[in-house]
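Here is a short briefing on one chain. Look through the sequence and the model, then read on by topic.

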Amino acid sequence: ELKELLPTARKTIDEYETQVDSLSENLKNKFRDEEDCRTLVLEKKEKYRKVKQDYYAHQNDMSLVVSTFDLLFRKLDGNFEEADQDIENARYIDAKSILTDKVGPVVDQVGKVMAFLPNICLLISSVIPDKIASLSSHYDEMVQGGYPLHHILLRSDMDAMAQELKAVSERVQNLNLTGVQQELDRMQKQIDDYLAAFDKEKEARAIFEKEKDGIYSEETALENGFINLCHALPKIRTIYLLGADEQTQVDTIQNTINKAGASKRSLDTYVHSATKQPYSILVDKMHTLRDQAADASKSISEFQAYLQSLKNDSEAANSALKVYSSRLRQAEKAVREINLDSVSNVYIPRIQELYGTIDLLNSDLSSMPIDVKKVDADLAILKGKGDTLIDEVTKAVQDMNAAENAMVYANRHRGTSGEVDAALVQAESLF
């Protein structure tokens, strides 16, 4: 009877053993899931702890997002509590889902933004508002000081800037940080540019007030100087020949002075405008007037120097006439004293030609108006040919005197040497 029960009992034992093994494996899996969940929750809590530690270290700079982070931390604390309860109740899949899908991404993202969020919050809550306040203070100070600033910005522009900062602040409070740093950088640069433009206006005012009277005086003196030049020209034309080139110079000066006059009237219009104009624009127009006046003044000075050169050249030519007339007479006298046809035939025709040049130059200087260009050309011929001829005549006289002295010296030994006597006979014949 026991033998009959044994197979059935064995089967029952085997089934029981299988169920025990299955139960054991299920328990192991449960313990493994619990261990994995507890490891995961420790990992996420450690990251969360670092995020909170980083936040509290910068909390003073992050007052803008305190309420946001308080809400975020309450939410994360709730997620961790829910995950812990799921683990205690063996709902490991639910716990993993909370830690992986809800807690993990948020903690990781917050950890990343903490690298730059404190700086953004500080810019929004302190730095940029202070800059806007400084800009507003400078604006009011300069307006009260009589500076026109409508070309730089208006009060409404600063109000718009404050509204823009408020909108960015709301985005940051919602942790919508896309493009925020770029917008804040742009706003800071814009404020810095405004302040730099204010400084430029201050510098422009100082320059305008320092230079205005002097430039106006220079332009007035320039106009008076040109008027005097124009009044003197008719008389100058009766003395010196002025051609088309000189008239072109006068016309060019007139055009430059007209431009300067137009610039002065334009500057006067801006200075006395019902709406006060920016000093930077006034300085630009004033410097345009200054440069045009300087160009005209330089042209007048050059033209006056040219007119003076006409007088100088004429006087120099007149003096040269006397000098070269005297030197040619001396040269002619020397040639005639040499009293040799071979010498006279070389130099007398050239001397006569130069006398003709002197007569021509004298005619140039006597004809009104004097053609100074022709005077200079004829004087150059007289100097060039005259100096050459006078040098040659001087050398011929020197050679003659040297030959005479040599023959006188040799004549002392003539009676004592037939050889010397023969040489002297030949020298006297050549002489």
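Ala90 is partly exposed, with a relative accessible area of 33%; buried means under 20% relative accessible area, exposed over 50%, and partly exposed in between, with a 1.4 Å probe and protein chains only. The model is predicted: local features need pLDDT of at least 70, side-chain atom pairs count only at pLDDT 80 or more, and totals for chains, interfaces and linings use all residues. Residues are numbered from 1 along each chain as its sequence is written, and side-chain values use heavy atoms, with hydrogens and water left out.

**Backbone**

- Ala90 has a positive phi of about 65°, although it is not a glycine.
- The loop between α2 (66-88) and α3 (92-113) holds Ala90.
- Leu175 also has a positive phi, near 60°, and is a residue other than glycine.
- Leu175 sits in the loop between α5 and α6, and at 30% relative accessibility it counts as partly exposed.
- The peptide bond from Met368 to Pro369 is cis, with omega near -5°.
- Pro369 belongs to the loop between α9 and α10.
- For context, most residues other than glycine have a negative phi, and most peptide bonds are trans.

**Fold and confidence**

- The chain has eleven helices and zero strands. Helices (H or I, at least four residues) and strands (E, at least two) are DSSP runs, numbered from the N terminus.
- Read from the N terminus on, the elements run α-α-α-α-α-α-α-α-α-α-α.
- Of the 431 residues in the chain, 32% are buried.
- Mean pLDDT for the chain is 87; pLDDT is the predictor's confidence in each residue, from 0 to 100.
- A pLDDT of 70 or more is reached by 87% of the residues.
- Confidence is highest in helix α4 (residues 117-144), at a mean of 95, and lowest in helix α11 (residues 418-430), at 52.
- Where pLDDT is low, the predicted coordinates should not be read in detail.

**Packing of α7 and α8**

- How do the axes of α7 and α8 cross? Helix α7 (residues 244-271) and helix α8 (residues 279-338) have axes that come within 9 Å and cross at roughly 160°.
- Axes are lines fitted to C-alpha atoms, for helices over the stretch in contact, and angles run from 0 to 180 degrees between N-to-C directions.
- α7 and α8 are therefore roughly antiparallel to each other. Angles under 35 degrees count as roughly parallel, over 145 as roughly antiparallel, 65 to 115 as roughly perpendicular and the rest as oblique.
- By class, the contact of α7 with α8 has 16 nonpolar, seven polar and five charged residues.
- Ala, Val, Leu, Ile, Met, Phe, Trp, Tyr, Cys and Pro count as nonpolar, Asp, Glu, Lys and Arg as charged, and the others, Gly among them, as polar.

**Salt bridges**

- The whole structure holds 21 salt bridges. A salt bridge is a side-chain nitrogen of Lys or Arg within 4 Å of a carboxyl oxygen of Asp or Glu.
- Asp192 pairs with Lys131 in a salt bridge, the closest N and O atoms being 3.4 Å apart. This pair links distant parts of the chain: Asp192 is in helix α6 (residues 180-239) and Lys131 in helix α4, 61 residues apart.
- Asp192 is partly exposed at 36% relative accessible area, and Lys131 is partly exposed at 24%.
- Arg155 forms a salt bridge with Asp140, with the closest N and O atoms 2.4 Å apart. Arg155 lies in helix α5 (residues 155-173) and Asp140 in helix α4, so the pair ties together parts that are 15 residues apart in sequence.
- Arg155 is partly exposed at 31% relative accessibility; Asp140 is partly exposed, with a relative accessible area of 31%.
- Asp378 bridges to Lys374 in a salt bridge, the closest N and O atoms being 3.0 Å apart. Both are in helix α10 (residues 372-411), four residues apart, and are separated by about one helical turn.
- Asp378 is buried at 8% relative accessible area, whereas Lys374 is partly exposed at 34%.
- Glu34, Arg38 and Glu88 are linked in a network of salt bridges.

**Tyr347**

- Tyr347 lies in helix α9 (residues 341-366).
- Tyr347 is buried, with a relative accessible area of 12%.
- Tyr347 and Arg336 are eleven residues apart along the chain, and their C-alpha atoms are separated by 9.8 Å.
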